[in-house]
Amino acid sequence: MRKKPIVAILYDFDKTLCREDMQNFTFIPNLGMTPQEFWGKTGEFSRKENVERILSYMYMMIKESREKGIKLTKEYLNNLGKEINYFDGVVTWFKRINGYGKSKGVKIEHYLVSSGTKEIIDGTIIAKEFKAIYGCEFLYDDKTKEPIWPKMAINYTQKTQYVFRVSKGVLNAYEDDKVNEKSQERRIPYRNIIYLGDGMTDIPCMVLVKENGGRSIAVYPKGKKELVQKLFNDGRVNYICQADYRNGSQIDRVIKLTIDAISMADEMSRREAKLSPKVK
């Protein structure tokens, strides 16, 4: 039986699949704060202490929770994932795209690469759809069950390592040697990778995928195309699409056309191999 080509779709989360930063839905209101207040304090702390912004927000999550008497356990954060509000069509998207890929003889794999909180993502209704989820994550004390250290922090440049990991099939974060090894064989070639993101923090991944033959897509909320137009004008992405994941939407058509192209390229390659004279 011939091996099916694999298409890997990598997604950002905040403002790509869900409508706002994930902390805005329940975590920040539970602190008695507005998103503007929380993110404002995070930015102020980052500037004052010269702390990288992702580490700053993780620190502020711990600090504000302790001050408000909220036990920041993994279970607590998981439960917050149930309150996420997605763009139209997201919840049914994965099953539909998987089915379309199967009809074209292609295996679809979904991966999430986010600078958001992994524990919140793990509690979402769509978490089960991803082969791997990469996000900012805490290390917890065995007794108190509360955070004691950042286990993983992913900023915009660190996101690119996960494109390499997915391509090579090296998914465990601790396997640095394997992901850095030079290899001719890749489980998923770059041309079979699609990256979806919403803006500035996704640019390194968008450029990496696009320049290596894959497809990069910048998404935007309805009526706000100007947020990503420059990314297209500057050649950072292949497409810009409204964040509408319903059947027949623009992004639905683009993904399906890409799957068609990969399926046809695989078929052509197999036919050419049959017609090529064999070396004796």
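**View 1. Strand β5, residue by residue.** I193, Y195 and G197 point one way from β5, I194 and L196 point the other way, and all are buried. Buried here means under 20% relative accessible area, while exposed means over 50% and partly exposed is in between (1.4 Å probe, protein chains only). Five of the five residues of β5 are buried, so the strand is largely enclosed by the rest of the structure. A quick note on ground rules: this is a predicted model, where local features need pLDDT of at least 70, side-chain atom pairs count only at pLDDT 80 or more, and totals for chains, interfaces and linings use all residues. Residues are numbered from 1 along each chain as its sequence is written, and side-chain values use heavy atoms, with hydrogens and water left out. Helices (H or I, at least four residues) and strands (E, at least two) are DSSP runs, numbered from the N terminus.

**View 2. The neighbours of β5.** On one pairing, β1 and β5 run in the parallel sense over four bridges; strands count as paired if DSSP finds at least two bridges between them. Y11 stands opposite L196 in β5. β5 also pairs with β6, again in the parallel sense and over four bridges, and here I194 stands opposite R215 in β6. To get from β5 to β6 the chain goes through helix α9 (residues 203-211), a β-α-β crossover that is right-handed. Right-handed means that, with the strands pointing away from the viewer, the path from the first strand over the helix to the second runs clockwise.

**View 3. On to β7.** Strand β6 (residues 215-220) pairs with strand β7 (residues 239-242) in the parallel sense, over four bridges. Look for Y220, which stands opposite Q242 in β7. The chain crosses from β6 to β7 through helix α10 (residues 226-233), and this β-α-β crossover is right-handed.

**View 4. R19 with D88.** These two side chains meet in a salt bridge (3.2 Å, N to O), one of the 19 that the structure holds. The cut-off for a salt bridge is a side-chain nitrogen of Lys or Arg within 4 Å of a carboxyl oxygen of Asp or Glu. R19 lies in the loop between β1 (6-11) and α1 (27-30) and D88 in the loop between α4 (74-80) and α5 (90-103), so the pair ties together parts that are 69 residues apart in sequence. R19 is partly exposed, at 35% relative accessible area, and D88 is partly exposed at 35% too.

**View 5. D260 with K104.** Here the closest N and O atoms of the salt bridge are 3.8 Å apart. D260 belongs to helix α11 (residues 250-275) and K104 to the loop between α5 and β2 (107-117), so this pair links parts 156 residues apart in sequence. K104 is partly exposed, with a relative accessible area of 34%.

**View 6. E109 with R187.** This salt bridge brings its closest N and O atoms to 2.7 Å. E109 lies in strand β2 and R187 in the loop between α8 (176-180) and β5 (193-197), so the pair ties together parts that are 78 residues apart in sequence.

**View 7. K159 and helix α7.** K159 sits in the loop between β4 and α7 (160-168) and is buried, with 1% relative accessibility. Its side chain joins that of D202 in a polar contact of 2.9 Å, the term covering N or O atoms within 3.5 Å; within protein, one must be able to donate a hydrogen and the other to accept it, and residues adjacent in sequence count only if both atoms are side-chain atoms. Helix α7 is mostly covered, with seven of its nine residues buried, among them Y162, R165 and K168. Just after α7, G169 takes a positive phi of about 80°.

View 8. K15 has a phi near 65°, a positive value in a residue other than glycine. K15 is found in the loop between β1 and α1 and is partly exposed at 38% relative accessible area. N50 is no glycine either, yet has a positive phi of about 55°. N50 sits in the loop between α2 (35-49) and α3 (53-67) and counts as exposed, at 72% relative accessibility.
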